Amino acid sequence: MTSREPALRLDLPSSHAPRRWRGLPRWLGALALVAVAAFAGHHVAMQTGLARLRDAADHRLDMLATGLDADLARFEYLPALLEMTPIVPALLGTPTDSSLREAVNRYLNGVNATAGAEMLYVLDAGGTSLAASDWDRPGTTVGQDLSFRPYVIDALGQGRGRFYGVGITSRKPGYYLSYALRRDQPTRGVVAVKVNLEEAERAWRKLPGDVVLIDQRGVVILSTREDIKFRPMLPLDGLQRAEVQRSRPYGEAALLPLQWVQKEALARDVQVIMLDGVDQLASTRKLRGAPWQLVVLDDLAPLRVGARNAAITASLAMAVLLLIAVTLWQRRRAVRQKLANQAALQAAHDTLESTVVARTEQLRATQGELVHAGKMAALGQMSAGVVHELNQPLTAMRTLSESAAILLDKSRLDDVRGNLQRIRGMVDRLARLTSQLKTFAHKSELPLAAVPMVRAVADAQVIVAEATKKNGIAIEVDVQPAALSVMAEEAALGSVLVNLMRNAIDAMQESPRRTLRLEARPQEGRVILRVSDTGPGIPPDILPRLFEPFVTSKPAGTGLGLGLVISAQLVRAMDGTLRAANLPDGGACFVVDLPAAVQNILIPTPTGVINK
């Protein structure tokens with residue numbers, strides 16, 4: 001026994017030494033797994049976070065770009081509308097008329113109060129502001145020479161202009177739309193609208209991240225950060241500085257370049273940049289209505305903190321898995337934790353998908369509603385014009401058909417034949433009228449021919465005969481000479497006469513003396529037709545706006561306010577004018593000025609004067 005003990009003590013070191021080093025590869029493998037888990041967790045967290053930020057940025061850009069495009073486009077109809085207003089071209093013709101300028105100022109103020117723009121003003125062909133909606137407030141453009149502004153130059157040269165910059169008088173930035181008034185060549189003036197985008201900028205501050213709007217020169221013009229406004233992304237070159245110095249779009253800004261450095265391009269419109277030493281994710285979207293770029297900035301610092309936390313979590317999870325893998329209880333616990341993590345990720349993924357679907361459906365529904373509203377508005381205006389124009393001939397056809405039935409009972413076949421011929425003429429007139437209703441939307445060329453005034457007035461009297469008889473209206477016709485003719489389109493002239501006579505009949509329903517007078521005289525190669533009544537006249541508040549769409553003094557439901565607009569459009573298409581005034585003794589008078597036919601021109605001869 002004693003001899004064996006030393007042998008046992010000598011064998012122990014040789015058997016335990018390899019066993020201590022045998023576990024080193026396992027520990028190294030475990031550490032490698034922990035490192036791989038940390039790297040994978042960091043990478044997955046970064047990619048997932050970037051994808052989440054990009055999706056959120058895309059949704060914000062969709063919403064912001066749609067709203068900004070709508071803000072830029074919703075005032076484009078105003079300049080064209082002002083060209084249809086008679087007092088605006090009149091002011092451009094007589095810019096020194098103070099009363100006319102006062103009327104245009106108040107009209108612009110009323111239109112702007114409804115439209116909601118910041119400012120609406122009219123400039124002459126030299127670029128000087130003649131009238132503005134804010135004429136009575138400090139900083140108004142009235143009297144200012146704005147010919148150097150790009151939007152004025154573009155409007156005078158190309159017909160339209162767009163510009164964003166700081167106001168010369170107001171010192172406030174805005175978006176300018178300009179429209180040349182060139183009904184008569186050359187261009188007579190410019191109508192400009194200033195749109196305030198600061199409300200949109202304030203709304204951006206309620207969203208996560210920062211929003212930046214960059215113009216075509218690479219200068220920030222709108223931003224949720226005041227410290228980077230009116231600063232270029234890169235230094236401006238000599239040409240750009242000369243243009244900025246000339247047009248002054250940024251006011252007195254120093255235009256110090258931003259510390260904007262591109263670090264990595266993740267996609268065509270998605271980049272990782274460093275702005276003022278801070279890494280951010282920049283998502284870009286080009287606007288449809290302006291040469292600008294909308295940029296959404298998201299700080300990457302929280303994402304990187306989250307990625308580091310994810311890497312630590314992944315490494316710890318791997319260490320825990322390795323430590324607890326020796327027992328069944330530890331393995332089950334790891335499985336439950338993994339399933340819980342997967343369920344949480346799936347729930348977050350499902351929530352994100354449902355949010356994306358809901359936002360997409362909402363945008364589609366909004367777009368559909370806008371398109372439907374536009375179609376319904378156009379259909380309503382077209383239907384109103386068709387009803388107004390077709391009602392007069394249809395009423396006359398009904399009167400003639402009832403009269404034909406009575407004459408047929410009395411065997412007056414010649415008179416019946418005459419009524420049927422008149423009805424056929426009315427049908428032809430209806431066909432011509434339906435093809436002419438498009439003149440309310442755009443100018444068209446009407447075939448002009450010599451039309452005798454006596455015949456045109458007589459045809460109009462037939463149409464309104466029932467209304468004159470029902471209301472006890474006395475009609476006086478004075479056409480001198482009797483062969484007086486005008487160059488016109490017969491159906492269009494008849495439509496104008498019938499509309500003016502019906503308006504006069506409606507106006508005299510409550511008058512004690514009811515006389516409708518039509519008087520036509522030649523005057524210097526023109527024919528002046530006056531249609532007057534003994535009614536109460538035109539209200540003073542309606543008279544300046546009488547030829548605007550949907551303006552009427554009739555009770556609701558009895559008038560559409562389109563008859564005079566269409567009549568004036570028809571008269572202009574026949575190279576004539578239509579105007580209205582109140583008579584001193586009461587009543588209203590409408591004056592139609594049309595070119596005379598060739599046979600009405602008097603030519604002196606050796607034996608006297610003849611008609612040619």
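Analyst: A residue counts as buried when its relative accessible area is under 20%, as exposed when it is over 50%, and as partly exposed in between. This is a predicted model. Serine 532 has a relative accessibility of 14%, so it counts as buried. Serine 532 belongs to strand β16, which covers residues 526-532. Beyond its neighbours within four places in sequence, serine 532 touches Thr515, Leu516, Arg517, Leu583, Ala588 and Cys589.

Now to the sheet. It is an open one of six strands, ordered β7-β6-β11-β10-β9-β8, with antiparallel pairing. Strands β7 (220-223) and β8 (260-267) are its edges, since each pairs on one side only. On average, neighbouring strands of this sheet are turned by 30° against each other, direction ignored. Strands in a sheet are held in pairs through backbone hydrogen bonds. Between β6 (residues 210-214) and β7 there are three bridges, and these two strands run antiparallel. Isoleucine 214 has valine 220 in β7 as its bridge partner.

The helix is α2, which lies across β6, β8, β9 (270-275), β10 (278-286) and β11 (293-299). Its direction is at about 145° to β11. Helix α2 spans residues 24-73 and gives the most to a nonpolar patch, with three residues. That surface patch is formed by Trp21, Leu24, Leu28 and Leu31, which together have about 470 Å² of accessible area. Leucine 24 lies in helix α2. With a relative accessible area of 39%, leucine 24 is partly exposed, whereas serine 532 is buried.

How values were computed. Residues numbered from 1 in each chain as written. Predicted model: local features only at pLDDT ≥ 70, side-chain atom pairs only at ≥ 80, totals over all residues. Heavy atoms only, no water. Helix = DSSP H or I, 4+ residues; strand = E, 2+ residues; numbered from the N terminus. Buried < 20%, exposed > 50% of the residue type's maximum accessible area, 1.4 Å probe, protein only. Contact = heavy atoms within 4.5 Å. Patch = residues over 30% accessible without salt bridge, like charges linked within 9 Å, V, L, I, M, F, W, Y side chains within 5 Å. Areas by Shrake-Rupley, 256 points an atom, 1.4 Å probe, with all protein chains shown as cover. Salt bridge = Lys/Arg side-chain N within 4 Å of Asp/Glu carboxyl O. Pairing = 2+ DSSP bridges. Axes fitted to C-alpha atoms, helices over the stretch in contact; angles between N-to-C directions.
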